Amino acid sequence: MDLLGTLRALTRWWWLTLLLLLLSFGGVAFFYTVLPWTYQGTASVLFLSSPIQTKEAGGNPYQQFADSLHVSAEAVGRAVMDVRTVESLRRHGFTSAYTLSPAPVYAEPALEVEVVGVNPRNIQSTLDALLAEIPRRLATMQSGMSERAKVRTRVIAVSQEPRRVPKEKVRLLVMVVAVELLACVALPVVVDTVTDRRRTAR
């Protein structure tokens, strides 16, 4: 059916089109209420050179960023994202999804921590657990080394509370609206087509 035929069907069955539109508005309101908001908590963990390495910079670790620190950050990030670690955190109640992404090579040697979910309290507790797990996992990797030779970590930024991220909910609502609008157009057209065929058959 062409555009003109579609408009004719919508006009002929205007009451059905209006009813479907009203139901669509109600559906959007329902899904807006039912669909949960997504929240996000973030933090940045900086990796610092060992005291032995920073001695050349007068003991200032922020002036001594070796390329090896990026390797350390990536290694720790992968270890904390290991399936066994994820399952261990879940068993302790930290069920929010998370990712640990190393900063680009040209930037500071840091891990960007991102935790997402629908429960702000659980997101914050998961974020706190990760910030405790990162230095613990780094210490395990450096077990047996002298304290002055160990790479260190420092939290340089952390969200005070999870922030609402509307993108996911908006995306789902747009999909709902698209499907409902399609139904508002398609159903009157189908009814009109079936009615015309019955009339022709008679």
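Visitor: In which helix of the chain is confidence lowest, and in which is confidence highest?

Guide: This is a predicted model, and in the chain the confidence is lowest in helix 1, at a mean of 78, and highest in helix 6, at 95. Over the chain, the pLDDT averages 87, and 97% of the residues score at least 70.

Visitor: Which residues of helix 1 are buried, and how does one read their placement around the axis?

Guide: In helix 1, which spans residues 3-12, the buried residues are Gly5, Thr6 and Ala9. Viewed down the helix axis, these buried residues fall within an arc of 100°, so they line one face of helix 1. The exposed residues Leu3, Leu4 and Thr11 are on the other side of helix 1.

Visitor: How should I read the pairing of the strands, and in which sense do strand 1 and strand 3 pair?

Guide: One follows the bridges from strand to strand, taking two strands as paired if there are at least two bridges between them. Here strand 1 and strand 3 are paired in the antiparallel sense, over eight bridges, and Tyr39 stands opposite Gly117 of strand 3. Strand 2 and strand 3 also run antiparallel, joined by six bridges, and Ser101 has Glu112 in strand 3 as its bridge partner.

Visitor: Which residues touch the most other members of the largest nonpolar core, and which elements give two or more residues to this core?

Guide: The largest nonpolar core has 22 residues, of which Phe47, Leu100, Val113, Leu130 and Ile134 touch the most other members. Two or more residues of this core are given by each of strand 1 (38-48), helix 4 (68-80), strand 2 (97-102), strand 3 (110-117) and helix 6 (120-141), with helix 6 providing the largest share, seven residues.

Visitor: Where does Ser125 lie, and what does its relative accessibility make it?

Guide: Ser125 lies in helix 6, and because its relative accessibility is 24%, Ser125 counts as partly exposed. The C-alpha atoms of Ser125 and Gly41 are separated by 9.9 Å, although these residues are 84 residues apart along the chain.

How values were computed
Residues numbered from 1 in each chain as written. Predicted model: local features only at pLDDT ≥ 70, side-chain atom pairs only at ≥ 80, totals over all residues. Heavy atoms only, no water. Buried < 20%, exposed > 50% of the residue type's maximum accessible area, 1.4 Å probe, protein only. Helix = DSSP H or I, 4+ residues; strand = E, 2+ residues; numbered from the N terminus. Arc of directions from axis to C-beta. Core = buried A, V, L, I, M, F, W, Y, C linked by side-chain atoms within 4.5 Å. pLDDT = per-residue confidence, 0-100.
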